[in-house]
Amino acid sequence: MARRPYGISESEVLLRRLSPPVLLDGLLPTTAQAQATKAMAGNGATEAELAAVIYAEWGRV
């Protein structure tokens, strides 16, 4: 989802690549879920760890 990924952190590019399938299904994260996922990415979580959180938890309260 980043047309020009330069100037955007690697973790942000990763999040923008992983989240569209969930968002297109209409599942939106709560503010707390989004903030926690972003913090995980900023702390060096792996792609697999982020995918697990995004695909399993977002949109489910």
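Is Arg 16 buried, exposed or partly exposed, and what is its relative accessibility? In this predicted model, Arg 16 has a relative accessibility of 30%, so the residue counts as partly exposed.

Glu 12 has a relative accessible area of 18%; because the cut-off for buried is under 20%, Glu 12 counts as buried.

Now look at what else Glu 12 does. Its side chain also meets the side chain of Lys 38 in a salt bridge, at 2.7 Å from N to O. Here the pair links distant parts of the chain: Glu 12 is in helix 1, while Lys 38 is in helix 3 (residues 31–42), 26 residues apart. Lys 38 is partly exposed, at 46% relative accessible area. Taken together, Glu 12, Arg 16 and Lys 38 are linked in a network of salt bridges.

Next, turn to Arg 17. The side chain of Arg 17 forms a salt bridge with that of Glu 47, at 3.1 Å from N to O. Arg 17 lies in helix 1 and Glu 47 in helix 4 (residues 47–57), so this pair ties together parts that are 30 residues apart in sequence. Arg 17 is partly exposed, with a relative accessible area of 47%, and Glu 47 is partly exposed too, at 39%.

Definitions and conventions:
Residues are numbered from 1 along each chain as its sequence is written. This is a predicted model: local features need pLDDT of at least 70, side-chain atom pairs count only at pLDDT 80 or more; totals for chains, interfaces and linings use all residues. Side-chain values use heavy atoms; hydrogens and water are left out. Buried means under 20% relative accessible area, exposed over 50%, partly exposed in between (1.4 Å probe, protein chains only). A salt bridge is a side-chain nitrogen of Lys or Arg within 4 Å of a carboxyl oxygen of Asp or Glu. Helices (H or I, at least four residues) and strands (E, at least two) are DSSP runs, numbered from the N terminus.
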